[in-house]
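My notes follow in the order in which I looked.

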Amino acid sequence: MDNKAPLDVIAASLRRHRARAGLSLSEVAKRAGVAKSTLSQLESATGNPSVETLWALAVALDTPFATLLDPPRPKVQVIRAGEGPVLYSENPEYSATLVASSPPYARRDIYRIEVSPGPGRRSDPHNPGVVEHVILGTGRALIGPADEPVELHPGDYISYPGDLPHIFRSLEEHTIATLISEHV
């Protein structure tokens, strides 16, 4: 059994939380009372962090200590057509339903997906922290984690971890969806 700290996980967590806070390397090091070079090494997965150093960094980043070692994984979320908080316009033909607000410092790619019935598109895991959001426009499809896809109908929404194997399989002709790939 490997008892070493998960340096890659710690490095990614430190970078993600520092970016979320909008702080420089120097500012986080100063707040945590550690050398800037130490923080730089930890963010590049070459340092050897002590519990005390990680604790000080968690406090400086205003994040729970455990998230530096085992960051929370996004959960699958489904919002069916007609569900979710709706904002209405003065124009009665227009309404907007919030399905996912953007977290600070997130980056997103948006795709229009057109799929015909068949075996579907099985995707290998993307980079750590990627979350995919899909809103089905027309047709029917099985979408989500490869081991637990969810059947969606027009107007349905799903989000799922894109850093795990996932699938998009059309169940009808003319299946069209909007896919948003969120990179933290």
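Entry 1, cores. I looked up the largest nonpolar core and found 17 residues, of which Leu 14, Val 28, Leu 39 and Leu 57 touch the most other members. A nonpolar core here is a set of buried Ala, Val, Leu, Ile, Met, Phe, Trp, Tyr and Cys residues joined through side-chain atoms within 4.5 Å. Buried means under 20% relative accessible area, exposed over 50%, and partly exposed in between, with a 1.4 Å probe and protein chains only. Helices α1 (7-21), α2, α3 (36-43) and α4 each supply at least two residues of this core. I also noted a second, separate core of 13 residues, with Val 115, Val 150, Phe 168 and Ala 177 among them. In soluble globular proteins, nonpolar side chains tend to be buried together.

The model is predicted: local features need pLDDT of at least 70 and side-chain atom pairs count only at pLDDT 80 or more, while totals for chains, interfaces and linings use all residues. Residues are numbered from 1 along each chain as its sequence is written, and side-chain values use heavy atoms, with hydrogens and water left out.

I read off five helices and eleven strands. These are DSSP runs numbered from the N terminus, helices being H or I with at least four residues and strands E with at least two. Of the 184 residues, 34% count as buried. Among contacts (heavy atoms within 4.5 Å) with a separation of 6 or more, 69% are between residues 24 or more positions apart.

Leaving aside neighbours within four places in sequence, I found Leu 57 in contact with Leu 14, Val 28, Ala 32, Val 34, Leu 39 and Leu 42.

At what angle do α2 and α4 pack? I have about 115 degrees for α2 (residues 25-32) and α4 (residues 51-60), with the axes 8 Å apart. Axes are lines fitted to C-alpha atoms, for helices over the stretch in contact, and angles run from 0 to 180 degrees between N-to-C directions. The two helices are therefore roughly perpendicular; that class covers 65 to 115 degrees, with under 35 roughly parallel, over 145 roughly antiparallel and the rest oblique. On the α2 side I listed Val 28, Arg 31 and Ala 32, which meet Ala 56, Leu 57 and Ala 60 of α4. By type, the residues of this contact are five nonpolar, no polar and one charged. Ala, Val, Leu, Ile, Met, Phe, Trp, Tyr, Cys and Pro count as nonpolar, Asp, Glu, Lys and Arg as charged, and the others, Gly among them, as polar.

Is Glu 43 buried or exposed? Glu 43, in helix α3, counts as buried because its relative accessibility is 8%. Beyond neighbours within four places in sequence, Glu 43 is in contact with Ala 11, Leu 14, Arg 15, Arg 18 and Leu 25.

I located His 153 in the loop between β8 (150-152) and β9 (157-161). At 34% relative accessibility, His 153 is partly exposed. His 153 and Thr 138 are 15 residues apart in sequence, and their C-alpha atoms are 7.3 Å apart.

Most residues other than glycine have a negative phi. Asp 62, not a glycine, has a positive phi of about 55 degrees; Asp 62 sits in the loop between α4 and α5 (66-69) and is exposed at 69%.
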